[in-house]
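Please find below a colleague's note on the model under review.

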Amino acid sequence: MRVAAVDCGTNSVRLLIADVSPETGELTDVERRMEIVRLGQGVDRTGRLAPEALERTFTAMRSYAKLIAEHAGPSAWMPVRVVATSATRDASNRSEFVAGVAEIFGVEPEVVTGEEEAGLSFTGATRGHDTGEPPYLVVDIGGGSTEFVVGSGAVEGALSVDIGCVRLTERHLKGDPPQPETVEASIADIEAAMDRVEAVVPVRDARTLVGLAGSVTTVAGIALGLPAYDPARIHHSRIPAAQVHEVSARLLEMTRDERAAIPVMHPGRVDVIGAGALILDRIVRRYGFAEVVVSEHDILDGIAWSLV
C-alpha cells in the first residue's frame, strides 16, 4: 500500500510518500521532501497568514502534488492526508489556506489540535523503533508550538504549548546576536509553558527524552561535528546534556553569518535555530535528562501510519 503524508507547519512543509508492507507494517520511504516556507511569518503578531507566506507554501505544495501523481502508479491514486498545525490553528484567515490546499491536492487539510499533533508525533517517533527505556518524553519543537507527549506503548499524557522557534524569534530574539535580556525573556516564556505542561502531563515519570524536528536534528548535527547534514548519522543519535547546553549557548552568541556558515545548517533555519536550541536546552535542564535521543521520524511518519 502506497500512501502520501503532508505536514504543513509554521516553518516548513514536508512530504512523505511511503510503501507499507501488509505483512510487517513497515514503512519504506519512496520520497521524503522538505521546504522551508515560513507559513507562520508574522502570525504571532497579526493573527493572519501573510499572502506571500501562503504563496510560498502553495508553490511547494504544487511540486509535492506532482510527485504524488508520478508515484501513484497505474491506479493514478493513493491515499493522501494533509495536516496543518500551529500557524494555521492561530490564523483568522485559515479558510484561504484550506481552499488553496484543497485545490492543489484534491483533499482538504486537517487543522489538527495541539493534542492531536502530539499524538501523531509520538506515533511517528516511537512506532517500530527502540528509542530507549520507556516511558518516553517525546518533544516536538516546531516553529509555532512545542508538543510534549509522555507514554510507553500509548500516549499517557500530552500538551501542545505556544513556544516554537519562529514564534520566540519574532517575539524576542531579533538582535544579531540576540541580547542577553531577550534571551532571558525567551527563557521566561519557555519556563511558563513548561509550568503548564507539568500540570497535566506526567513528564517526570519519563526515563528517555526523544527530540524531534529540525531544531533538534540541527543541534545534533552540530554536536556530532558533521561536515554536512546526514539524516542516517543523526537518526537515533544520543546527544549528551553537556553538548546540548554548549551548542545552545554557542548559537545564541553567534551572528547570523556565523550560524549560516555551520555545515549542517539549512538556510531556512539560520534565523530561528537559536530559539529552537534554547527550547531544547531548557527542557533538558528542567527535567535533568542525561541525554536526548534524536529522531528523524516524527509527525510526518505518524500521519503516514494513520493512513494505514
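Predicted model: local features only at pLDDT ≥ 70, side-chain atom pairs only at ≥ 80, totals over all residues.

1. Residues are numbered from 1 along each chain as its sequence is written, and side-chain values use heavy atoms, with hydrogens and water left out.

2. An open sheet of 6 strands has the order S8-S7-S6-S9-S11-S10, with mixed pairing. Neighbouring strands are turned by 25° against each other on average, direction ignored. Helices (H or I, at least four residues) and strands (E, at least two) are DSSP runs numbered from the N terminus; two strands pair if DSSP finds at least two bridges between them.

3. Within this sheet, S6 (residues 136-141) and S7 (residues 146-151) are antiparallel partners over 6 bridges. Leucine 137 stands opposite valine 150 in S7.

4. Helix H12 (residues 273-287) packs on the sheet, where it touches S6, S7, S9 (208-212) and S11 (291-295), and its direction makes about 160° with that of S6. Helix H7 (residues 180-200) lies across S7 and S8 and runs at about 155° to S8. Contact means heavy atoms within 4.5 Å; axes are lines fitted to C-alpha atoms, for helices over the stretch in contact, and angles run from 0 to 180 degrees between N-to-C directions.

5. Helix H10 (residues 241-253) spans 19 Å from its first C-alpha to its last over 13 residues, close to the 18 Å expected at 1.5 Å a residue (1.5 Å times one less than the number of residues). Its buried residues (under 20% relative accessible area, 1.4 Å probe, protein chains only) are Ala241, Val244, Val247, Ser248, Leu251 and Leu252. Seen down the axis of H10, they fall within an arc of 130° and so line one face of the helix; the arc is that of the directions from the helix axis to the C-beta atoms. On the other side of H10, Ala242 and Glu253 are exposed (over 50%). The buried residues of H10 pack against H7, H8 (214-223), S10, H11 (256-260), H12 and S11.

6. Strand S1 (residues 2-8) is mostly covered, with 6 of its 7 residues buried. A hairpin of 3 residues joins S1 to S2, and 7 bridges link S1 antiparallel to S2 (residues 12-20). Valine 6 stands opposite leucine 15 in S2. S1 also pairs with S4 (residues 80-84) in the parallel sense over 5 bridges, and arginine 81 in S4 is the bridge partner of alanine 5.
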